[in-house]
Amino acid sequence: MIGRLNHVAIAVPDLAAASARYRDTLGAKVSAPIDQPEHGVTTVFIELPNTKVELLGQLGEGSPIGKFLERNPDGGIHHICYEVDDILAARDRLTAAGARVLGTGEPRIGAHGKPVLFLHPKDFNGTLVELEQA
């Protein structure tokens, strides 16, 4: 059901510093920051030959990564994102198998302009999983 790894997301306390580290130290191609107000984050994508790394910075007081950064002040891996061919079929298959979809269970538009869902980390070995329509 899952396709390729789309990205690994890292929550960071300082998005500009993290972007500079990837660009200047690792020589990576780094996108401009883009505010995602509907998700409460600002995103920067690091492009790699086989996938992407998504840097997540807080956007506003109610940012969903705020509590994560309180527990992990230096930042850390926040979630992994897999592509699926049919997000609604994937959701239905997962919920039938007992997996919990976060939020309303309806896909929202993610940072790439495609439908996404998040799966409860307790159902996937402590890892928050994002599914993105391919």
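Leaving aside neighbours within four places in sequence, lysine 114 is in contact (heavy atoms within 4.5 Å) with Arg108, Ile109, Glu132, Gln133 and Ala134. Lysine 114 is placed in the loop between strand 7 (108–109) and strand 8; helices (H or I, at least four residues) and strands (E, at least two) are DSSP runs numbered from the N terminus. Its relative accessibility is 33%, and lysine 114 therefore counts as partly exposed, where buried means under 20% relative accessible area, exposed over 50% and partly exposed in between (1.4 Å probe, protein chains only). The C-alpha atoms of lysine 114 and leucine 131 are separated by 10 Å, the two residues being 17 residues apart along the chain. The model is predicted: local features need pLDDT of at least 70 and side-chain atom pairs count only at pLDDT 80 or more, whereas totals for chains, interfaces and linings use all residues. Residues are numbered from 1 along each chain as its sequence is written, and side-chain values use heavy atoms, with hydrogens and water left out.

Histidine 120 is situated in the loop between strand 8 (115–119) and strand 9 (128–133). This histidine 120 counts as buried because its relative accessibility is 19%. Its side chain reaches the backbone nitrogen of lysine 122 at 3.0 Å. Not counting residues up to four places away in sequence, histidine 120 touches Arg100, Leu102 and Thr127.

The largest pocket has a volume of about 820 Å³. A pocket is an open set of points on a 1 Å grid over the protein atoms alone, where a 1.4 Å probe fits, with protein on both sides within 12 Å along at least five of seven lines; lining residues have an atom within 4 Å of a point. Grid points are joined across faces, edges and corners, and the volume is the space filled by probe spheres set on the points. The lining of the largest pocket consists of 36 residues, of which Pro64, His78, Leu102, Phe118 and Leu128 lie nearest its centre. Elements giving two or more residues to this lining include strand 4 (41–47), strand 5 (52–58) and helix 2 (66–71).

Key: A polar contact is a pair of N or O atoms within 3.5 Å; within protein, one must be able to donate a hydrogen and the other to accept it, and residues adjacent in sequence count only if both atoms are side-chain atoms.
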